[in-house]
Amino acid sequence: MHTSAAELGDSRSKDLALALERHEREQPGFWDFATNRRQGGHAFFQYPAMMVPELQGTLLDDLLAVAPDTTSIYDPFLGSGTVLLESVYRGLSFFGTDINPMATLLSRVKADPPSQAEAAAVVDRVVTRAEAATDEALHTFPNRDKWFSDEVALELTRLRTAISAEAEERLRRFLWVCLAETIRLVSNSRTSTFKLHAYAPEDLETRRPQALETFTAVGTSNAVRAGEHWKRIHALPNTQTAGAISIVRGSVLHDVNIPVRVDAIMTSPPYGDNKTTVPYGQHSYLPLQWIDHADLGADFDADLLRSTHRLDTASLGGSLVHALNTQERERLETASPALRYFNAALEGKPDLLKKVLSFSRDYELALRRSARPLRAGGFSFWTLGQRRVGGRELPLVRITAEFLMAQGHTEVSTIIRQLPRGRKRMAVRNNIGATMATEHILVMVKE
Ligand SMILES: C[S@@+](CC[C@H](N)C(=O)[O-])C[C@H]1O[C@@H](n2cnc3c(N)ncnc32)[C@H](O)[C@@H]1O
């Protein structure tokens with residue numbers, strides 16, 4: 001029986017929707033993944049709003065079952081590289097982009113970490129060298145004293161020098177990630193929030209973080225995790241050769257062009273609160289002050305570190321529309337009736353309306369540009385949270401579906417999962433204090 005491409009696409013959509021629904025039917029709460037622990041390369045560094053690896057892995061498995069000709073995945077907002085690793089573990093090629101240099105550094109390390117023995121040896125070498133150092137000059141950058149005590153800054157300076165002395169860039173990058181996680185733990189900024197927010201003076205009095213000791217612990221754990229990673233790679237069936245991996249730092253809004261066709265998109269875009277609750281840039285600002293910029297790659301842009309806010313301003317929704325352009329607003333609201341309905345209730349709140357429109361303008365363009373390399377009949381998976389704006393939930397799932405439908409995509413399915421409270425760093429607080437309780441995975445197909 002002959003099946004046309006359109007029919008094939010349609011039957012694949014149905015098969016995928018059924019496969020996704022079956023999990024929940026056979027095991028209620030399947031998508032919650034409430035008890036999973038991050039392992040291997042997934043645990044090298046605590047990046048904000050990380051996805052659940054097993055969840056994205058299940059989506060990939062279901063995708064491969066209905067579309068076995070899938071060979072390449074694109075994540076336009078790669079973050080910590082969750083989809084990257086899960087793709088690699090299935091022998092798929094992977095393209096990833098992110099505006100944040102910390103995300104691309106981490107992803108490059110996750111794509112090719114040292115072996116456990118190499119990692120343990122290099123951590124040992126660096127710690128020995130840093131312990132033996134006697135120089136007293138501190139590495140400097142604006143406001144360093146606010147974020148680091150002199151004792152911590154001295155130990156971090158010695159670690160920085162000791163890492164720079166390593167000859168191999170691949171090893172240095174692994175060490176920079178270990179240093180970044182160390183900095184997250186020993187700086188004067190609270191670990192309970194993604195924002196830069198200094199501990200109260202009385203807490204700083206009693207806090208005595210040890211950078212060398214912390215680095216040793218992080219490095220030792222990350223060496224074990226590197227070992228776990230390679231075990232998984234070596235367990236790949238012989239028939240599966242590792243796919244190509246390409247990671248580019250840049251904004252999907254203008255810099256990035258994926259030069260090839262990809263079979264699927266799997267991603268989690270920012271939800272539009274990068275200035276308030278999930279400031280990816282602020283979270284990465286301090287580590288990026290210590291890491292040698294020469295090791296961040298040719299696509300690094302030093303201007304992003306001009307201030308603690310620069311990276312978040314350059315990110316999706318970060319730069320506000322100056323005037324409410326009615327033509328542009330009409331175009332966005334025509335594409336998304338859910339956005340029109342939401343905005344109508346913000347009429348008396350011009351500041352909030354401006355924020356929602358700025359984010360929507362960037363978001364619509366980001367979806368358009370991200371989906372450009374997706375092949376006809378290709379699926380896209382969008383992990384989404386719905387934050388509150390002006391006391392109401394912004395219907396990001398509907399807005400995403402409607403924007404994509406206006407660009408020639410069709411809805412396949414939507415998964416809703418409960419976020420484990422308190423445990424998962426995804427359970428972000430919004431600006432009025434309520435906690436996001438659910439997360440959605442919207443699945444679309446490009447016609
Ligand atoms: C929700 S996070 C992704 C988290 C990721 N899924 C994970 O598991 O770690 C969203 C990412 O979008 C990135 N981002 C924001 N604006 C961007 C832009 N204009 N272009 C590319 N990436 C951007 C942020 O730096 C952040 O890493």
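The model is predicted: local features need pLDDT of at least 70, side-chain atom pairs count only at pLDDT 80 or more, and totals for chains, interfaces and linings use all residues. Residues are numbered from 1 along each chain as its sequence is written, and side-chain values use heavy atoms, with hydrogens and water left out.

**Ligand site**

- The ligand has 22 residues around it, and Y47, M51, S80, T82 and D98 come nearest; a residue is near a molecule or strand if one of its heavy atoms lies within 4 Å of it.
- The protein buries 100% of the 600 Å² that the ligand exposes when taken alone (accessible areas come from the Shrake-Rupley method with a 1.4 Å probe; for residues, only the protein chains shown count as cover).
- T82 lies in helix α3, residues 82–88; helices (H or I, at least four residues) and strands (E, at least two) are DSSP runs, numbered from the N terminus.
- T82 counts as buried because its relative accessibility is 3%, where buried means under 20% relative accessible area, exposed over 50% and partly exposed in between (1.4 Å probe, protein chains only).
- Beyond its neighbours within four places in sequence, T82 is in contact (heavy atoms within 4.5 Å) with R38, H42, M51, V52, P53, Q56 and K110.

**Nonpolar cores**

- A nonpolar core is a set of buried Ala, Val, Leu, Ile, Met, Phe, Trp, Tyr and Cys residues joined through side-chain atoms within 4.5 Å.
- In the largest nonpolar core there are 51 residues, and F148, L156, L179 and F215 have the most contacts inside it.
- Two or more residues of this core come from each of α4 (101–111), α5 (116–132), α7 (150–164), α8 (169–186), α10 (211–234) and α11 (280–290).
- The most residues in this core, ten, are given by α8.
- A second, separate core has 39 residues, including V252, I258, I265 and L357.
- In soluble globular proteins, nonpolar side chains tend to be buried together.

**F215 and V123**

- Not counting residues up to four places away in sequence, F215 touches V123, V126, V127, L159, I163, L175, C178, L179 and T182.
- V123 is placed in helix α5 and is buried, with a relative accessible area of 4%.
- With residues up to four places away in sequence again left out, V123 touches F174, L175, F215, G219 and T220.
- From V123 to A180 the C-alpha to C-alpha distance is 14 Å, and the two are 57 residues apart in sequence.

**Aromatic pairs**

- Eight aromatic pairs are present in the structure; rings of Phe, Tyr and Trp (its six-membered ring) pair if their centres lie within 6.5 Å, and planes under 30 degrees apart count as stacked, over 60 as edge-to-face and the rest as tilted.
- W31 and F33 make an edge-to-face pair, 6.5 Å centre to centre with 65° between the planes.
- Both W31 and F33 are buried.
- F44 and F174 also pair edge-to-face, at 5.8 Å centre to centre and 80° between the planes.
- This second pair links distant parts of the chain, 130 residues apart: F44 is in the loop between α1 (5–26) and α2 (53–66), and F174 is in helix α8.
- F44 counts as buried at 1% relative accessibility, and F174 counts as buried at 0%.
- A cluster of F30, W31 and F33 is linked by ring pairs.

**Two further buried positions**

- S336 sits in the loop between α13 (326–335) and α14 (337–344).
- S336 has a relative accessible area of 0% and is therefore buried; leaving out residues up to four places away in sequence, S336 touches I399, E402 and F403.
- V262 belongs to strand β4, residues 262–267, and counts as buried at 0% relative accessibility.
- Apart from neighbours within four places in sequence, V262 is in contact with S72, Y74, F95, P373, L374 and R375.
- V262 and G297 are 35 residues apart along the chain, and 24 Å separates their C-alpha atoms.
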